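Me: Got a model here I'd like to talk through. Can you help me read it?

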Amino acid sequence: MDGAEPMPEASEAATPATDALLPEGMNEAAQESGGEAAPGEAGLPGAQAVPEESPEPEGRRAVVRSPKGLNLRAGPALSYEALEVLPDGMEVLTLDLPRGAAVPGWELVDAGGRTGWASARFLRRLEG
């Protein structure tokens with residue numbers, strides 16, 4: 001043997017003590033089969049999760065200016081994988097980097113919900 005404790009048999013896993021933790025009249029079988037849960041309790045059958053609002057990214061508007069399109073890359077260098085090609089004329093958001101961070105020649109952009117890096121040479125800032 002390797003000295004590890006043996007796994008408990010299936011019959012050992014469920015003990016009467018676990019039923020004491022469940023709401024009155026509900027046993028494990030009822031809970032697993034969709035017994036009623038208190039409204040709003042996440043993770044229980046019948047619970048309704050409140051969707052979290054994802055904040056809109058903040059940045060400055062820019063437009064792609066490259067007749068052949070512009071690669072959206074996984075990182076700020078040509079050696080990074082191209083995630084997709086952004087078409088000429090597509091509007092994107094250039095995102096702010098943390099204070100003190102700079103990547104000359106590259107912009108972190110949000111392109112319709114997909115974030116990646118694009119060459120700054122092919123982006124033109126829009127006013128307003």
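Me: What share of the contacts with a separation of 6 or more comes from residues 24 or more positions apart?
Reply: In the protein, 46% of them. A contact here means heavy atoms within 4.5 Å. Bear in mind that this is a predicted model, where local features need pLDDT of at least 70, side-chain atom pairs count only at pLDDT 80 or more, and totals for chains, interfaces and linings use all residues. Residues are numbered from 1 along each chain as its sequence is written, and side-chain values use heavy atoms, with hydrogens and water left out.

Me: OK, and how many salt bridges?
Reply: Four, counting a side-chain nitrogen of Lys or Arg within 4 Å of a carboxyl oxygen of Asp or Glu. One of them joins arginine 61 to glutamate 91, with the closest N and O atoms 2.8 Å apart. That pair links distant parts of the chain, 30 residues apart: arginine 61 is in strand 1 (residues 59–64) and glutamate 91 in strand 4 (residues 91–95). Strands are DSSP runs of E, at least two residues, numbered from the N terminus.

Me: What about glutamate 107, who's its partner?
Reply: Arginine 125, with the closest N and O atoms 3.3 Å apart. Glutamate 107 lies in strand 5 (residues 106–111) and arginine 125 in strand 7 (residues 123–125), so the pair ties together parts 18 residues apart in sequence.

Me: Is glutamate 107 buried or exposed?
Reply: Glutamate 107 counts as buried, at 18% relative accessibility. Buried is under 20% relative accessible area, exposed is over 50%, and partly exposed is in between (1.4 Å probe, protein chains only). Arginine 125 is partly exposed, at 44%.

Note on methods: Helix = DSSP H or I, 4+ residues; strand = E, 2+ residues; numbered from the N terminus.
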